[in-house]
Amino acid sequence: MTIPDGENTVTQSILTSRVCDPDAVMLIFYQNTVVLKALPRGEEFDTPVTDTMFWPVSVLAEIDSYVETLIPIDVALGSKNSIYAVLLAMWPETLTDTHAVATRQLLMERGFEAFSLVGRASQWINWYRFHRFCGACGCKNEAIRNGALLFCPGCETEYYPRINPCIIVLVTDANRVLLARSNRRGAAFFSCLAGFIEPGETAEEAVAREVYEEAGIQVTNIRYVKSQPWPFPSQLMLGFYADYAGGNLNPCPEELAEAGWFDVHSLPTVPSPTISVAGQLIEEYCRLKIHKD
Ligand SMILES: [Zn+2]
């Protein structure tokens, strides 16, 4: 059997032979969803997500003609067995009793800890999906080193998975914190300010620039706290606190629907700390301040 991409014919024996560990498990992705095993109605939220997301490698025999790529994901992360991410090019009719869930929805429903392995695998899959062709010469890239590297046979450029660093910052002023709601459609939460680090910037410079651009104020005492991979599609969020240093709040309408100072005792709806580093920055700062009162 062959995969649908005629230029990149892969036989079943090659696909299966790439999985050396007979106890290996697979995470299966199709378009922007992760494919879970269907559970009886009502049991979805009581069952650990790991029980529904790992497929035995034996399933490859049923779906191999629909597989676009198979990428090994590190064995670490508490699993005894090898883990592979599988990207389907088309939906296999033989794969039944499934429940395809958008990766972002899985995070919102299950929290980051349960989601982390799916997030890691989805970044590999997205890297593959968006680097099928060489950006320098346009040739079709080839997956080498067991799928961990994309290589252009035309100009020999190598493509490794790319991570985009971003800053996310909670600006504070004693017992009040600066929170904003994005003007992206459907943004219901108030959260920290965030943005991509630009070429040539330090993370701290990006914090000062983003806060000034989005809110019109100056900050000082910028300090790094913690980070979080954010696989939508491939950001690494670097979380900071920064102290208010001056200026009048002037939200940028191209970025923010609204922004304001909120007392630590009366916050608006903010992200859960189980989901994002933004939620953790807000929760930890406010808890400390309230505890001191
Ligand atoms: Zn090339």
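Strand S1 is covered on both of its faces: Val 25, Leu 27 and Phe 29 are buried on one side, and Met 26, Ile 28 and Tyr 30 are buried on the other. The model is a predicted one. Strand S1 comprises residues 25-30, and because 6 of its 6 residues are buried, the strand is largely enclosed by the rest of the structure.

| Partner of S1 | Residues | Sense | Bridges |
|---|---|---|---|
| S5 | 83-88 | parallel | 6 bridges |
| S3 | 55-56 | antiparallel | 2 bridges |
| S2 | 33-37 | antiparallel | 3 bridges |

Individual residues show how these pairings are made. Met 26 has Tyr 84 as its bridge partner in S5, and Met 26 also stands opposite Trp 55 in S3. Tyr 30 has Thr 33 as its bridge partner in S2. S1 and S2 form a hairpin with 2 residues between the strands, and within this hairpin Gln 31 takes a positive phi near 55 degrees.

**The nonpolar cores**

Which residues touch the most other members of the largest nonpolar core? They are Leu 27, Phe 29, Ala 85 and Val 86, in a core of 37 residues. At least two residues of this core are supplied by each of S1, S2, helix H2 (49-53), helix H3 (60-63), strand S4 (67-73), S5 and helix H4 (103-129). Helix H4 provides the largest share of the core, with 9 residues. In soluble globular proteins, nonpolar side chains tend to be buried together.

Leaving aside residues up to four places away in sequence, Phe 29 touches Val 34, Val 35, Ala 85, Val 86, Leu 87, Leu 88, Ser 122 and Ile 125. There is also a second, separate core of 32 residues, which includes Ile 222, Tyr 244, Ile 282 and Cys 286.

**Helix H6**

Helix H6 contains 16 residues, 277-292. At 1.5 Å a residue the helix should span 22 Å, and its end C-alpha atoms are 23 Å apart, so the two values agree. The buried residues in H6 are Val 277, Ala 278, Gln 280, Leu 281, Ile 282 and Cys 286. An α-helix has 3.6 residues a turn, so residues three or four places apart point the same way.

Another part of the chain contains an open sheet of 3 strands, ordered S7-S8-S9 and paired in the antiparallel sense. Strands S7 (142-144) and S9 (158-159) are the edge strands, each pairing on one side only. S7 is joined to strand S8 (residues 149-151) by 3 bridges, and Ala 143 has Leu 150 as its bridge partner in S8.

Ala 148 is located in the loop between S7 and S8. Is Ala 148 exposed, partly exposed or buried? Ala 148 has 13 other C-beta atoms within 10 Å and is therefore partly exposed; the exposed class ends at 12 or fewer such atoms, and the buried class begins at 20 or more. The C-alpha atoms of Ala 148 and Tyr 159 are separated by 9.4 Å, although these residues are 11 residues apart along the chain.

**Backbone features in loops**

Most residues other than glycine have a negative phi, and most peptide bonds are trans. Glu 156, which is not a glycine, has a positive phi of about 65 degrees. Glu 156 lies in the loop between S8 and S9, and because 10 other C-beta atoms lie within 10 Å, this residue is exposed. Ala 174, also not a glycine, has a positive phi of about 55 degrees. This alanine belongs to the loop between S10 and S11, and Ala 174 counts as exposed because it has 10 C-beta neighbours inside 10 Å.

The peptide bond from Phe 232 to Pro 233 is cis, with omega near 5 degrees. Pro 233 is found in the loop that links S13 and S14.

**The chain as a whole**

The protein chain has 6 helices and 15 strands. Of its 293 residues, 32% count as buried. Among contacts in the protein chain with a separation of 6 or more, 67% are between residues 24 or more positions apart.

Conventions: Residues are numbered from 1 along each chain as its sequence is written. This is a predicted model: local features need pLDDT of at least 70, side-chain atom pairs count only at pLDDT 80 or more; totals for chains, interfaces and linings use all residues. Helices (H or I, at least four residues) and strands (E, at least two) are DSSP runs, numbered from the N terminus. Two strands pair if DSSP finds at least two bridges between them. Two residues are in contact if their C-beta atoms, placed from the backbone, lie within 7 Å. The expected span of a helix is 1.5 Å times one less than its number of residues. A nonpolar core is a set of buried Ala, Val, Leu, Ile, Met, Phe, Trp, Tyr and Cys residues joined through C-beta atoms within 7 Å.
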